[in-house]
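Thanks for asking me to look this one over. Here are my notes, point by point.

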Amino acid sequence: MRWALIGASTIARQYMIGAIRAEHGEISHVLSASAERARAFAAEHHISASATDLDTLLADPEIDAVYISTTNEKHLLQALAALHAGKHVLCEKPLALAVDHAVAMVRAAKKAGLVFATNHHLRCSGSHRAVRELIMSGRIGKVLSLRLHHAVFLPPHLQGWRISSPESGGGVIPDITVHDADVARFLLGEDPVSVVAQMTSSGLGNGVEDSAMSVWTMPSGAMVMSHESFTHPFAGSGLEVHGTQGSIFARDVMTQNPIGSVELVTGSGRQTIAFEQHDLYREGVRRFQAAVAGEGEPAATGLDGVKSLAVALAVRDAAERGVRIAVNYGDMH
Ligand code: NDP
């Protein structure tokens with residue numbers, strides 16, 4: 001499959017170029033707003049062509065799919081243009097800055113008969129899949145609660161638009177709460193109904209929140225507690241799922257790499273759970289390319305991206321207004 005990268009980004013550099021190539025995808029173009037950055041990025045990663053004009057790039061009939069990893073406010077128009085040009089789209093989270101915009105992207109893909117996926121990598125990880133399997137097979141009984149710990153320290157090289165630019169979709173909620181929303185939906189197989197939340201700026205955020213805590217109500221009655229931050233150097237990450245018959249402790253699993261541990265605790269004692277340790281992003285690309293070939297769905301669909309955004313925006317709304325907010329998933333009909 002022939003890919004173009006829309007965005008000369010860190011995530012493309014660190015993970016996605018390798019993931020696409022490992023799955024035998026060819027990357028033919030990279031697009032940047034700056035000709036100089038595009039050229040340098042192309043040279044650094046052995047990409048044959050660089051571009052600054054999206055329409056010209058999309059007019060190339062040899063390009064099958066695009067991977068969009070620009071700043072968040074650009075995803076909408078770039079995805080719509082790519083879909084209009086007949087390209088399959090793997091788009092970074094958050095899909096957009098508003099739920100209606102994300103819905104429009106999914107609708108455009110459906111209308112064009114193209115694959116449109118969200119790059120929620122965590123549901124591709126062996127650890128999360130092992131936790132889901134434990135839950136779905138009834139090993140912990142009825143799920144009572146899920147606690148998500150995703151308070152990390154934002155590395156200095158990423159301390160740009162994420163901590164200072166609301167226009168670009170900065171803030172920990174669009175950055176990390178969206179991932180946690182997708183994790184909760186993936187693990188529990190249900191969508192949050194309403195949320196209460198608090199957020200703050202605790203050292204890094206300048207005009208946007210850098211920390212958030214929220215509690216979500218699930219249709220089953222399970223409660224979800226979610227904590228995201230850019231300012232916690234030593235907190236570690238993880239999740240816990242507690243049920244009537246057991247608890248699952250997954251440590252260091254809210255990461256980009258196949259690391260961490262999963263432990264099941266029941267009346268029979270403690271048990272370490274083995275899981276596959278494959279590359280998360282490569283697995284996402286594999287599923288995307290398979291979907292383009294007509295085999296199954298991407299790991300996270302466009303609709304998954306709409307829903308994770310809807311939960312994240314409800315969290316911010318709840319924190320801003322100090323009230324419980326019903327999650328508005330938009331009109332997908
Ligand atoms: P970056 O800040 O690295 O890149 C975003 C944009 O910033 C690029 O498209 C680029 O614009 C511009 N840019 C990059 N370097 C420079 C520079 N030196 N000077 C000026 N502008 C620059 O962001 P990330 O890679 O961290 O994130 C990109 C997207 O990916 C976001 O939507 C984010 O939410 C998502 N993401 C997803 C992850 C996941 O695991 N799914 C993990 C990390 C990020 P241009 O393209 O015009 O050159």
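1. A polar side-chain atom of Arg 162 sits 2.9 Å from an oxygen atom of the ligand, a polar contact in the sense of a pair of N or O atoms within 3.5 Å. This is a predicted model, in which local features need pLDDT of at least 70 and side-chain atom pairs count only at pLDDT 80 or more, while totals for chains, interfaces and linings use all residues. Residues are numbered from 1 along each chain as its sequence is written, and side-chain values use heavy atoms, with hydrogens and water left out.

2. Now to helix H1 (residues 10-22), a DSSP run of H or I with at least four residues. Why does the end-to-end distance of H1 agree with expectation? At 1.5 Å a residue, its 13 residues should span 18 Å, and the end C-alpha atoms are 18 Å apart; the expected span is 1.5 Å times one less than the number of residues.

3. The start of H1 has a side-chain oxygen of Ser 9 within 3.1 Å of the backbone nitrogen of Ala 12. Just after the helix, His 24 adopts a positive phi of about 65 degrees.

4. Buried residues (under 20% relative accessible area, 1.4 Å probe, protein chains only) of H1 include Ile 11, Tyr 15 and Ile 20.

How values were computed. Helices (H or I, at least four residues) and strands (E, at least two) are DSSP runs, numbered from the N terminus. Buried means under 20% relative accessible area, exposed over 50%, partly exposed in between (1.4 Å probe, protein chains only). A polar contact is a pair of N or O atoms within 3.5 Å; within protein, one must be able to donate a hydrogen and the other to accept it, and residues adjacent in sequence count only if both atoms are side-chain atoms.
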